[in-house]
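Here are my notes on the model, as numbered points. Please read them with the structure open.

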Amino acid sequence: MLCVEMGDDKVKKEAMELLGMFQVLPRLVVFDLDYTLWPFYCECLSKQQMPSLYPHGKDILYALKDKGVNIAIASRSPTPDIANTFLDKLGLSSLFVAKEIFSSWTHKTEHFQKINRRTGVPYKEMLFFDDEDRNIEAVSKMGVTSVLVDDGVNLEALRQGLSEFAQNSSSGKKNKEKRLTDSSQSEC
């Protein structure tokens with residue numbers, strides 16, 4: 001048991017260090033559930049079972065919260081009751097500022113519209129992790145920095161997401177500065 005706790009502390013410490021390396025952090029990080037935070041489809045399990053997360057999942061969630069970054073869920077699960085039960089069993093429900101868990105054909109755009117309305121966070125200030133290309137593609141078009149995960153969220157995916165978010169933020173800032181410069185010159 002002691003080894004597990006030491007390992008958990010190590011992952012959280014590394015996640016905190018990663019978060020500390022970036023000047024600009026997302027205001028909201030959104031996670032898919034199935035094959036992103038946990039290694040299964042929740043509709044294939046019963047509420048009576050005890051779920052587990054991918055190894056780095058819990059520490060990444062807590063590191064984000066400790067750094068003051070809000071977190072949310074966007075899941076197309078057809079069994080929101082099971083998903084919510086599992087989040088409760090894992091002691092994670094209270095961590096999320098929004099939980100949009102419902103079946104949809106919109107590739108999560110509807111989920112993000114609801115998250116945006118609920119939190120007031122602009123899409124460009126969000127970071128999203130998911131295991132499906134179609135969701136990444138659709139949500140990216142909304143302006144959300146989106147990262148495809150192959151084997152669940154982990155420290156490498158977090159590093160990639162934070163790097164891409166920082167790049168998108170700085171290029172957005174440069175474009176805004178350029179527009180301001182261009183418009184001030186055209187007024188002369």
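**Notes on the model**

1. Asp 130 sits in strand β4, which spans residues 126–130. Strands (E, at least two residues) and helices (H or I, at least four) are DSSP runs, numbered from the N terminus. This is a predicted model, in which local features need pLDDT of at least 70 and side-chain atom pairs count only at pLDDT 80 or more, while totals for chains, interfaces and linings use all residues. Residues are numbered from 1 along each chain as its sequence is written, and side-chain values use heavy atoms, with hydrogens and water left out.

2. Is Asp 130 buried or exposed? Asp 130 is buried, because its relative accessible area is 0%. Buried means under 20% relative accessible area, exposed over 50%, and partly exposed in between (1.4 Å probe, protein chains only).

3. Which side chains make polar contacts with the side chain of Asp 130? One is Lys 108, at 2.5 Å. Another is Asn 135, at 3.4 Å. A polar contact is a pair of N or O atoms within 3.5 Å; within protein, one must be able to donate a hydrogen and the other to accept it, and residues adjacent in sequence count only if both atoms are side-chain atoms.

4. Leaving aside residues up to four places away in sequence, Asp 130 touches Asp 32, Thr 36, Lys 108, Asn 135, Ile 136, Val 147, Leu 148 and Val 149. Contact means heavy atoms within 4.5 Å.

5. The protein chain has six helices and five strands. Along the sequence they follow the pattern α-β-α-β-α-β-α-β-α-β-α. Of its 188 residues, 41% count as buried. Among contacts in the chain with a separation of 6 or more, 69% join residues 24 or more positions apart.

6. Cys 42 is buried, at 0% relative accessibility, whereas Cys 44 is exposed, at 60%.

7. The lining of the second largest pocket has 16 residues, with Asp 34, Tyr 41, Arg 76, Ser 77 and Glu 132 nearest its centre. Lining residues have an atom within 4 Å of a point of the pocket, which is an open set of points on a 1 Å grid over the protein atoms alone where a 1.4 Å probe fits, with protein on both sides within 12 Å along at least five of seven lines.
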